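I opened the model to look up a few things about its helices and charged side chains. My entries follow in the order I made them.

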Amino acid sequence: MTTFTAINLVKYHEGGHVDSSIFDVVEKTLPEIEPGQILVKQNYMSLDPAMFGWMTPDTNSYIPPVALGDVMRSSGIGEVTVSNHPDFTVGDRVMGMMGWQEYYIGDGKGLNKVTADLPDESVLSVFALPGLTATQGLFNVGKPQKGETLIVTGAAGSVGSIVGQLAKADGLRVIGVVGSEEKADWIVNELGFDAAINYKSDDLAEQLADAAPDGIDVFFENTGGPIQHMIIDKMNAHGRVVVCGLISDYHSDVPAPGPSWLNVIKRRITIQGFTMPDHFHKVPELLEKLTPYVMAGQIKHRTHVLEGLESAIDGLNLFSTGANKGKLVVKI
């Protein structure tokens with residue numbers, strides 16, 4: 001009998017450093033593939049900040065937490081090796097939620113066939129959750145207009161870097177907030193952002209004033225942190241705030257207080273939170289929107305690859321330290 005490795009969540013994450021005590025690495029036996037099922041050999045899986053929410057017992061969220069004892073949730077890309085399903089053929093390249101495991105066995109619901117002639121890690125970096133999130137959040141929530149100014153936090157991350165490049169391609173002035181000078185250099189000199197701000201600097205207000213002399217129209221929020229208040233203070237009338245993530249609060253028992261609503265009233269600011277599970281039915285439409293930018297060479301990316309399934313456990317801590325450079329994926 002062939003076996004494969006999977007990683008189950010066995011204890012909820014209570015904040016702080018992620019360690020192996022909340023997971024159980026198990027060996028499973030490959031079952032017979034039943035009618036209507038497929039077997040997928042997963043090649044790469046994605047690590048995303050949203051996982052911190054999935055590892056808590058919070059049921060008042062956009063998606064239920066991972067049940068204790070279940071395989072940890074994640075998206076990935078792989079190849080169909082056995083098919084007893086009429087919609088899938090052996091050799092099909094597929095992407096979707098397959099979990100922290102070497103093989104996916106199921107009915108294929110939620111899996112999409114991949115036709116882009118790109119390496120697996122590039123597909124996960126651009127056409128999977130990061131690109132879909134960036135496209136939905138920027139265009140359908142942020143509603144950018146040519147000539148406006150956009151600022152994005154977590155700008156060197158998988159979502160933020162695509163948001164900035166899409167906005168730049170559509171004629172906006174783009175400012176990125178990052179956590180190191182290396183990342184600042186990358187988004188300006190490689191990705192084409194107009195300006196970068198290192199949030200670890202001492203003169204944030206001065207940098208923000210220099211980078212956005214005409215104020216800010218669209219704020220794409222991925223991280224939270226003290227600069228959030230300064231950005232809201234620089235928003236123009238009828239500005240839009242797209243709240244995608246707050247990674248600085250994911251390890252906190254008490255979330256940091258948000259900006260004053262007084263600015264929201266005075267400047268008639270629209271603030272909208274969003275999550276991709278609400279929009280999975282629009283994946284074909286979002287890919288149709290994103291693909292021309294990619295094919296035109298307007299979207300660059302870099303991928304931070306970890307080796308081996310179990311590297312995912314400690315890999316999650318890279319989000320809190322900022323040590324990852326680009327989209328974080330695990331090669332299985």
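**Entry 1: helix 3**

I started with helix 3, where 13 of the 14 residues are buried, so to speak mostly covered. Buried means under 20% relative accessible area, exposed means over 50%, and partly exposed is in between, with a 1.4 Å probe and protein chains only. Helices (H or I, at least four residues) and strands (E, at least two) are DSSP runs numbered from the N terminus.

I noted that this is a predicted model, in which local features need pLDDT of at least 70, side-chain atom pairs count only at pLDDT 80 or more, and totals for chains, interfaces and linings use all residues. Residues are numbered from 1 along each chain as its sequence is written, and side-chain values use heavy atoms, leaving out hydrogens and water.

**Entry 2: helix 3 against helix 9**

At what angle do helix 3 and helix 9 pack? I found about 90° between helix 3 (residues 129-142) and helix 9 (residues 283-295), with the axes 9 Å apart. That makes the two helices roughly perpendicular. The word covers angles of 65 to 115 degrees; under 35 is roughly parallel, over 145 roughly antiparallel, and the rest oblique. Axes are lines fitted to C-alpha atoms, for helices over the stretch in contact, and angles run from 0 to 180 degrees between N-to-C directions.

I then listed the residues in contact, meaning heavy atoms within 4.5 Å. On helix 3 they include Gly131, Leu132 and Phe139, and on helix 9 they include Val283, Lys289 and Tyr293. The contact residues divide into seven nonpolar, four polar and one charged. Ala, Val, Leu, Ile, Met, Phe, Trp, Tyr, Cys and Pro count as nonpolar, Asp, Glu, Lys and Arg as charged, and the others, Gly among them, as polar.

**Entry 3: positive phi**

Lysine 143 follows helix 3 and has a positive phi, near 50°. Lysine 143 sits in the loop between helix 3 and strand 8 (149-153) and is partly exposed at 47%. I also found arginine 268, not a glycine, with a positive phi of about 50°. Arginine 268 lies in the loop between helix 8 (261-266) and strand 13 (270-273).

**Entry 4: salt bridges**

I took a salt bridge as a side-chain nitrogen of Lys or Arg within 4 Å of a carboxyl oxygen of Asp or Glu. By this rule I have six salt bridges.

Lysine 113 pairs with aspartate 92, with the closest N and O atoms 3.5 Å apart. Lysine 113 is in strand 7 (residues 112-113) and aspartate 92 in the loop between strand 4 (75-83) and strand 5 (93-97), so the pair ties together parts 21 residues apart in sequence. Aspartate 92 is buried at 18%, whereas lysine 113 is partly exposed at 46%.

Aspartate 194 and lysine 168 form another salt bridge, at 2.7 Å from N to O. Arginine 302 and glutamate 182 form one too, with the closest N and O atoms 2.9 Å apart. That pair links a loop between helix 9 and strand 14 (303-307) to helix 5, 120 residues apart. Arginine 302 is buried at 19%, and glutamate 182 is partly exposed at 34%.

**Entry 5: lysine 183**

Lysine 183 is in helix 5 (residues 181-189). Leaving out residues up to four places away in sequence, lysine 183 touches Ala156, Val178, Arg302, Gly322 and Asn324.
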